[in-house]
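Please read them with the coordinates open.

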Amino acid sequence: MLLRNFPPLFVLITAVTAAQTVDLAGTWRFALDPEDEIARTAPGAWRFPDLIQLPGILTAQGYGNVPNIRTNWTGDEWKYPELFKEWQADENFKMPFFLQPPRHYLGAAWYERDIEIPADWREGEAWLWLERVHWQSTVWLDGHEVGRADSLGTPHEFELGSVAPGRHRLTLRIDNRLDPVNVGPLSHSVTDHTQGNWNGVVGAIELRRRPASRIDSVQVYPAIDGTARVRVSGRLGGEQTTGQVEVRLEGAGAAAPLRSAQLPPGPFEVELHGLLAVEPTAWSEYSPKLYRLAASLSVGGGEPADRHRVSFGFREVGTRDGRITLNGRKIFLRGTLECAIFPLEGHPRTDVEWWRRVIRICKAHGLNHIRFHSWCPPEAAFAAADELGFYYQVEASSWANRGPRLGDGEPVDAWIEAETERMLRTYGNHPSFMLMAYGNEPGGPNHVQWLEGWVKRRQAGDPRRLYTTAAGWPVQPGSDYHNSPRPRLQRWGLGLKSIFNGEPPRTDFDWTATVAEFADAPTVAHEIGQWCVYPNFSEIAKYTGHFKARNFEIFRETARRNGLLPQARDFLMASGRWQAMAYKHDIEAALRTPGFGGFQLLDLHDFPGQGTALVGVLDAFWEEKGYISAEEFHRFCGPIVPLARLKQMVFTSAETLEADVEIAQFGPADLRDAVATWTLAQAGGAIIGHGQFAPRNLATGELHRIGTIAAPLAEVNAPAQLRLTVRIEGSDSANAWDVFVYPAAIDVSPPPGIVVTENLGQAKAALARGERVLWMPRVAEIRDDPERPLIAGFSPMFWNTVWTDWQPPHTLGILCDPTHPALARFPTDAHSNWQWWDIQRESQPFILTRHATLRPVVQVIDDWVTNRKLAYVFEARVGPGRLLACAAQLARGSAGPSTRQLLASLQAYASSDKFAPAFSLTPEDLDALVVERGSPTNVREQPKTN
């Protein structure tokens, strides 16, 4: 068992008055210096002819170059240059792989202004404080270099020293090149795929006066019993001066102050130990109680020369039995990533209210955790999380894989060490800052050994949180927790071999075997989900700020050209409902796993870069897309979730539905005498079965087994779509699953009056005679796309096709009209559901793109990059005949009940009076849909992946 019982304080707040700061926001003189010419001249010769506003970024103010195909993007890989050629021309340039800024600039930029040092600042020192700088900064005062800074995640602070009152010239050089330190071009701290590799300063820009005798840092290490270790560092000015540090809690419940011994002149660091609070309330997601500590430095027995007030929370983080613990209780992390996505601003937000909004949205969806992927958020993000009760994993702004390598002695090694210490000193006292990794998915032959050392150094130096090597890998003994991608439904390279695509649908699996391999510490699943949805083209109008969605404009135009734009909203809704089901499937597998630490979604909201990864149920603005509400998401992703382990989702009426019921209970308190009930109902509300389990005491922090459901299905009016619902009576905790029941015997013999064939020649001959034909060609004979081969699958697309080198599946589920008479005997939603798995596994969609006005009966939603019109089922008149075509092998001997039922439904429709296709095709059109038997041009293989 691991216990880290020194929780961090909230935020270090210097108690300054208005007279002790000078706001430097406003107009600055400015010049670009892409060739570093200014740096090679003497300060007396510097001239900055342009003007710019700070805080701000230069590309948002008309500076830099208009983007084009030659732009040296940070992190760009223009994959597949044969794609999107039309939009590569300068006069019509559109970036298809991430959001497009108005300008681009990579290099040095100079900012200068005159400053006025107040007359009452004769005593003490002046400091320059820049809240968020991107990236490497150098400061001069009156032409003399003051210092340099290169933090990506913490403020840049410069000691100007004792400056005479009056006017002075302040010069700032900022360079956003990854030189000499390369943190990795895809790191979200610098990449153009998310926030952009901007140049400028955002947040507060201030001169600050500090007294000669001052407090520089207060670090508080409280325990939940109210005791604390408080470390105070600073400087005592004057050669003959002595001083004393005092710390005390403000407000009710405060214990007696703690005081240091007398301090000699010069730098000091003292630790005070003792009781701070009597019976404090521990900080957590359910009780985000914050306390305020006052620290003062008295000189020569007089009034304090400097004061600080800090807010903090009493909390202890540890591990036990594969779980992370908070204040001795097991918790379960339900997280999402935040990848520095700011579509309006083009830089991180530094206001607390913006971050409050994000956290409230996350909590409404049932989440309690954010992982900041390869970047560190500003102070405002921590303040909001502390206040609302939310858990963070923060990283040292690096994804050292493509380019830099850890542990090889490159500059990035020393930089990560320094950046880590800066982060711990600046933000390490926040109770929300519970987890830390160096960054994301490292590379290099020596990265494992180097990261093992990095973890040990952090554990020894600041035990107030849990540390792991990195997000993704390596999983190494010695980490406090692991952040592995293995416990999730779809991993990179699995394609159609994943459990989602390769096995019949069920909910009785979990990640116990995987977690057992990492039994030395809790496992938090890395980047689960990554399930895609079709673009919401109405979102384009939201991009009224820095970035424009030129990628969306490309996809919209290709959809228009291929006749799909009128269906775009339907594609969004159908693929969105299927995406939501996929996330539910992924999340529940994590919740079903005993001794598991939690998960981190990629992502609750869209990731607009890396090829355009539309993986969110929310858009890049953290707003709903219209197909699932926060309330519905919360039901399967909240602190208390009923679960059902079903060995199958498709049944016959001769079977009994059996399910083991569990409840994942991570609520604020134990549940006493909780009663779980279940119902099995048809779509119209008719109850097939119901039951109630005996009352149980459900301790928080545990996965509880409740009992088994057994519901005979003989009385079901099959075929039917049923819903199994499990709830805890008297609460909002409820969860539900769709299951499908078919007759035990399904007659699939062709009815009189139709021809059922796989042979196109036979089909065309029958059509020429004016007959009705159900044509189901062999999968190998359905013509593929020669330019971009198509591999359909059951699950939604993973991440996106371009960035994964076209890993399958390439599709986003189906779209159909459930009321279409062809589906009258086949219960279905408008989107994919579990009954389609057996149907699609022996299928290959028809490509109907050239037929702009044809609407398939069952349409397959294509990748937005190719935007082809795809179909599993379509109908048409061919000469005097009527054709119903199906791209799935419904008549195969291994067909399951759902496949046989669809065949029966299509045959019944083809023989009915309702079979009256409105669209016409020619026999030659049918020839274009297939290849000759045995043709080698249509062999489909899953692409090789790394």
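How much space lies in the second largest cavity?

1. The second largest cavity holds about 70 Å³ of space. This is a predicted model, and the cavity belongs to a computed count of seven cavities of 30 Å³ or more. Its lining is made up of Ala792, Gly793, Phe794, Thr811, Gly813, Ile814, Ser832, Trp836, Gln840, Val860 and Tyr872. Strand S43 (residues 811–816) supplies the largest share of that lining, three residues. By class, the lining has six nonpolar and five polar residues and no charged ones.

2. Pro808 and Pro809 are joined by a cis peptide bond, with omega about 0°. Pro809 sits in the loop between strand S42 (772–775) and S43. Pro55 is in the loop between strand S5 (50–54) and strand S6 (56–57).

3. The largest cavity has a volume of about 110 Å³. It is lined by 16 residues, and those closest to its centre are Thr59, Pro101, Asp192, Gly196 and Asn197. Its lining divides into seven nonpolar, seven polar and two charged residues.

4. Asn197 also takes part in a side-chain pair: a polar contact of 2.9 Å links the side chains of His134 and Asn197. His134 belongs to strand S8 (residues 125–134). Its relative accessibility is 2%, so His134 counts as buried, the limit being under 20%. Beyond neighbours within four places in sequence, the contacts of His134 include Leu152, Ile174, Asn176, Gly196 and Trp198.

5. The largest nonpolar core has 217 residues, of which Tyr392, Phe599, Phe633, Leu657, Leu724, Trp775 and Phe874 touch the most other members. Helix H8 (residues 568–591) gives this core its largest share, 13 residues. Apart from this core lies another, of 30 residues, including Tyr63, Ala109, Leu170 and Val201. Leu657 touches Leu646, Phe651, Leu680, Ile709, Ala710, Ala711, Leu713, Leu724 and Val739, residues up to four places away in sequence not being counted.

6. Leu572 lies in H8. Leu572 counts as buried because its relative accessibility is 0%. Outside the four places on either side in sequence, Leu572 is in contact with Val533, Tyr534, Pro535, Asn536, Lys625 and Tyr627. Between the C-alpha atoms of Leu572 and Ala887 the distance is 23 Å, at a separation of 315 residues in sequence.

7. Is helix H2 (residues 379–388) largely enclosed or exposed? Eight of its 10 residues are buried, so H2 is largely enclosed by the rest of the structure. The buried residues are Ala380, Ala381, Phe382, Ala383, Ala384, Ala385, Asp386 and Leu388. Gly389 follows H2 and has a positive phi, near 80°.

8. Two residues other than glycine with positive phi deserve a look. For Asp321, phi is near 55°, and the residue lies in the loop between strand S21 (317–320) and strand S22 (323–326). Asp321 is exposed, because its relative accessible area is 55%. For Trp622, phi is near 65°, and the residue lies in the loop between strand S30 (598–602) and helix H9 (630–637). Trp622 has 3% relative accessibility and therefore counts as buried.

Technical notes:
Residues numbered from 1 in each chain as written. Heavy atoms only, no water. Core = buried A, V, L, I, M, F, W, Y, C linked by side-chain atoms within 4.5 Å. Buried < 20%, exposed > 50% of the residue type's maximum accessible area, 1.4 Å probe, protein only. Helix = DSSP H or I, 4+ residues; strand = E, 2+ residues; numbered from the N terminus. Contact = heavy atoms within 4.5 Å. 1 Å grid on protein atoms, 1.4 Å probe; cavity = no way out; pocket = protein on both sides within 12 Å on 5 of 7 lines; lining within 4 Å. Points joined across faces, edges and corners; volume = space filled by probe spheres on them. Nonpolar A, V, L, I, M, F, W, Y, C, P; charged D, E, K, R; others polar. Polar contact = N/O pair within 3.5 Å; in protein donor to acceptor, adjacent residues only side chain to side chain.
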